[in-house]
Structure formats: C-alpha cells, structure tokens
Amino acid sequence: MQRNPVTDGQTVMQQTLVILVVGLAPRLVGAHTPNLARLAANGALRPLIPPVPAVTCTSQSTLLTGTPPSVHGAVANGWYFRDMAEVLLWRQPNQLIDGEKIWEAGRKRNPGFTCAKMFWWYNMYSTADWSATPRPQYPADGRKIPDHYAHPASLRDELNARLGMFPLFKFWGPMTTIEASQWIADSTCHVMATRKPTLTLCYLPHLDYNLQRLGPDPSHPRLQQDLGEVDQVCGQLIAEAERTGARIVVVSEYGITPVKDAVPLNRRLRGEDLIAVRVEAEGREYFDAGASEAFAVCDHQLAHVYVKDPQRIPEIRALLEGIEGVDAVWGEEEKRAHGLDHPRSGELVAVSDADRWFSYYYWLDDAKAPDYAATVDIHRKPGYDPVEMFFDPTISMPKLRAGLKLVKRKLGFRQLMDLTSIRDTQLVRGSHGRLTAEPDGPLVISSEPEAFDEDGPVDATAFKDLVLRHVFRPESP
C-alpha cells in the first residue's frame, strides 16, 4: 500500500482514520460485513475492554484521553449537576472532560499534527482543528429544526451546501435509518479530502438502533441488513483512507447484550417518599431533583444514585439491594475499584442484572406523566430512555400522525410530538453498560497488526496510545 507520510521537518506522521462503529462485536464481523472482515483478515482484530459504565460518553472520553472516568469525569451520559440542582444528559462542551486529548498528545510530538473529530461526543469548543456534531435549531415557536454545529463555523455551511441539512430525525428516534451514518461518512470523506488531517475520527451510530430494538442475535434478518448497510459505509471510508495511504482503525464503544425488561428504580424510591415532584399544568408531575432525598440517574444498565443526607446512604443502599433486577450496589470502595470515584458520581451506583436495564420513570400514574415522557427528548428527561426508538404500538399509522403534526408545526400551530410509549419497556431487547466478554463485547480492528503490543484484549485506557502508534510508528521494512 502506498503510504503518504506527513512531516514538517520534525517527527514523521502517518495519516490515520479511526472509525467508531457503535455496538460492533467480534461475532458480528463476518459474511455480512465483507469490508470489515477484509480489514480484520489483512490486519488484526482484538477485543476491547471498555470502562464502566460502557456507555457512549464514558467510553469515548476514555478512548480519547486514555484515562478512566474517575479522572476524565464523564461518569455516564449525564449526571446530577449539584451546583445547579439539575440532571443534565448529553451535554456537548469539551471542557466537561478533563485530561489530555489524543490530538493534544499528538501535537506535543509534532506541532503539525491536525485532527478532524466528526460526530464523536463532547465535540463543541474542543481543541481539535475541525469538528462537527448534531445540534438542532430550536426556534422560539417550539420547532426543532435538523442541523449540526461545526468548527470552524464555515464548515457547517460548507457541509450543508454539499450534503443538505444533517438528517437529525434519522440519527435518533423511531425514524432512524442508515441515512444519518451515511451523511456523517460523506462529511468525513469531504473533510479528509479537503483538509487532509493527520488523524480523522468518525462516528457511525447505525448498528446501535436495532441492536437495542431487536437484541444482538446476528441471525435476525433486519440486523443482517443493518450490518450490510454499515459495512458499505465503512467500505467507503476505508477506500478513501486507502486512496491516500492512511492507516485504519475500527473501534466500538461497547457490546450489546439481550435484555427482557427494565427495572424502575425511581418508582421504588418514589414509593418511599424519597423523590419530590412539582405538579404543573394538566396535573402533570415534573421531577424536582433539588428537593428529592434520593433519586437515580438511570443510564442503560448502571444508575448513579444521589443521596442528599449522607447519614441515609446505608438505608438507601439496603433499599436498592432489595429491588428485583438489581445485581449490585456500589459504595465508595466499589466505585474506586471500578474507576468511578469521581465527585460527579452518585453516592451509590446501582448495576442491573445482565438481562435487565434501568428506566428513569418516576411517576406512579401514567396519566400524570410529564409532557416530554412520550416524546423524543434526550435533554429534558432525567435519564436515558431507549423506548424513544419505538413508535407507541397503540398508535395506528404513527408515521402519518407524525407527518401531520409536523405540517401543523410548520403552519405555526403548537404540536406535542407524543408518539412514543411510556409503558412498554419490554420493547427494548438489547442494552449495555455492564462489562461484557468476548465475543459479545466491543473490539478494535487495525490495518497495522504490528501496532498491537500483544495478542490479548486492548484496554480502553490503552487505545489512545495505540492510535498514536499508528500515526507515529515507522513503516515496516
């Protein structure tokens, strides 16, 4: 393969592309993923040991800093901001993440090192040279307009002019398709061709959707179709990298395992009068974190449980340990052992059984659920809600209903997009967060087998150095 080394008179660098394929596991690489299988056969495939919790923001922060959540601070996809008395998920500023990022380490070795960070998380106001991330517009009339945020700002207009507006509604929710991952890949190829970054980071979320909807059974026809679709997109990126002689790394954040239902931690805490709510319009109940004695920020198979009075921690721990579907409850000692001893973590951390996940639901009467509960709204909900990926099965012709609501919004009428379920947690068939073993866990594939130090699994904290070896490792004789 013809290589295209980059140098500014200092340390020679080799352009490198990192493709993050969410949910990809060793047993999913095969007949339905010919491009990925070829890359693995010509290079090397290793299992990846993710951090705990194995969720998007925690995993990506560990991959890019080489540190556990106890150091970088992304203890989950969101947490309780104690100084604001608010639960906030899916924040974007890179300043929330401590530690030296991979591109900053690269610049220390060669000031000419550049990085394009395409749709990885915590992607706003970072020190990467080019970046893009989902960022809808929210006009005052209540609409949500698909868009993205890019740095420099002119890149956003350039990509929208070339590719059309970012397909936000195909990125998350019941309407997801390969279209969002294809847009990200197209934008990444454009940046690679026009900017020629030393390191390019590309995020492809497509597999994540049906792995959670359907479970991780590779014999399922729909999942086989998804594998073929994401492999084709990977093939496009691999071809662009090979055209310029770039080295290639494929990684996944976590592995998806089968689940049968959710564990409603907050409903149990509510039943013990530990969670406070505000009753607002139409008698709906809204979670009041600052007034609550104890509550869980639920995130897939782990939950940070925040306890206002430290004297009540033993009591709350005993309560949690008695809930069916809870596998373990960690205090300070266990958090330290798992790299979660950070001030953002809850006083306690609950871990679900392997076949369960934690729902954020805190209301006891569905008629009093908050208005956002049946919508796709990742920022208002005080916990992760995978049921957002499904239309409410009790709604007939949900796509038609969604279309009519959107038309009314465009005409200036307020419309609540209440199209998802608030009770059918059994719809979700796959989850993650706990540690998973090969072949169900995440992986690393490299075009450069000699870049691996050994034959065993790669710890997520070692991934940063692994990628830098791709950039700075000399050509083999």
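This is a predicted model: local features need pLDDT of at least 70, side-chain atom pairs count only at pLDDT 80 or more; totals for chains, interfaces and linings use all residues.
Lys108 forms a salt bridge with Glu100, and the closest N and O atoms of the two are 2.8 Å apart. Glu100 is partly exposed, with a relative accessible area of 27%. That value falls between the two limits, because buried means under 20% and exposed means over 50%.

The bridge between Glu100 and Lys108 is one of 32 salt bridges in the structure. Another one joins Arg243 to Glu240, with 2.7 Å between the closest N and O atoms. Where do Arg243 and Glu240 lie? Both are in helix 8, which covers residues 221–244, and they are three residues apart, about one turn of the helix. An α-helix has 3.6 residues a turn, so residues three or four places apart point the same way.

Glu280 counts as partly exposed at 38%, and Arg278 counts as partly exposed at 35%. Salt bridges can also share partners, and in this way Glu100, Lys108 and Lys464 are joined into one network.

Is helix 13 largely enclosed or largely open? Helix 13 runs over residues 463–472, and eight of its 10 residues are buried, so the rest of the structure largely encloses it.

Phe472 can be compared in position with Lys101. The two are 371 residues apart in sequence, and their C-alpha atoms are 16 Å apart in space. Lys101 sits in the loop between strand 6 and helix 4, the helix of residues 102–109. With a relative accessible area of 6%, Lys101 is buried, because that value is under the 20% limit.

Lys101 also belongs to the lining of the largest cavity. Rolling a probe the size of a water molecule over the atoms shows where empty space is left. How many cavities of 30 Å³ or more does a search of the whole structure find? The search finds two. The largest cavity has a volume of about 50 Å³. Along with Lys101, its lining is made up of Gln60, Ser61, Leu64, Asn94, Ile97, Trp103, Lys117, Trp121 and Tyr122. Helix 2, residues 56–65, gives the largest share of this lining, with three residues. By class, the lining has five nonpolar, three polar and two charged residues.

The second largest cavity holds about 40 Å³ of space. Gly23, Ala25, Arg27, Leu28, Leu211, Pro216, Ile256 and Asp440 line it. This lining divides into five nonpolar residues, one polar residue and two charged residues.

A pocket, unlike a cavity, is an open set of points. The second largest pocket has a volume of about 280 Å³. It is lined by 13 residues, and those closest to its centre are Glu86, Val87, Phe287, Arg380 and Pro382. Which elements give two or more residues to this lining? They are strand 6, residues 86–89, and strand 15, residues 285–288. By class, the lining of this pocket has eight nonpolar, one polar and four charged residues.

The last stop is on the surface. Met397, Leu400 and Leu404 form a nonpolar patch there, with about 320 Å² of accessible area together. Met397 is in the loop between strand 20, residues 356–358, and helix 12, residues 398–410. Is Met397 buried or exposed? Its relative accessible area is 56%, so Met397 is exposed.

Key
Residues are numbered from 1 along each chain as its sequence is written. Side-chain values use heavy atoms; hydrogens and water are left out. Patches are made of residues with over 30% relative accessible area and no salt bridge: like charges are joined within 9 Å, nonpolar side chains (Val, Leu, Ile, Met, Phe, Trp, Tyr) within 5 Å. Accessible areas come from the Shrake-Rupley method with a 1.4 Å probe; for residues, only the protein chains shown count as cover. A salt bridge is a side-chain nitrogen of Lys or Arg within 4 Å of a carboxyl oxygen of Asp or Glu. Helices (H or I, at least four residues) and strands (E, at least two) are DSSP runs, numbered from the N terminus. Buried means under 20% relative accessible area, exposed over 50%, partly exposed in between (1.4 Å probe, protein chains only). On a 1 Å grid over the protein atoms alone, a cavity is a set of points where a 1.4 Å probe fits but cannot get out, and a pocket is an open set with protein on both sides within 12 Å along at least five of seven lines; lining residues have an atom within 4 Å of a point. Grid points are joined across faces, edges and corners, and a volume is the space filled by probe spheres set on the points. Ala, Val, Leu, Ile, Met, Phe, Trp, Tyr, Cys and Pro count as nonpolar, Asp, Glu, Lys and Arg as charged, and the others, Gly among them, as polar.
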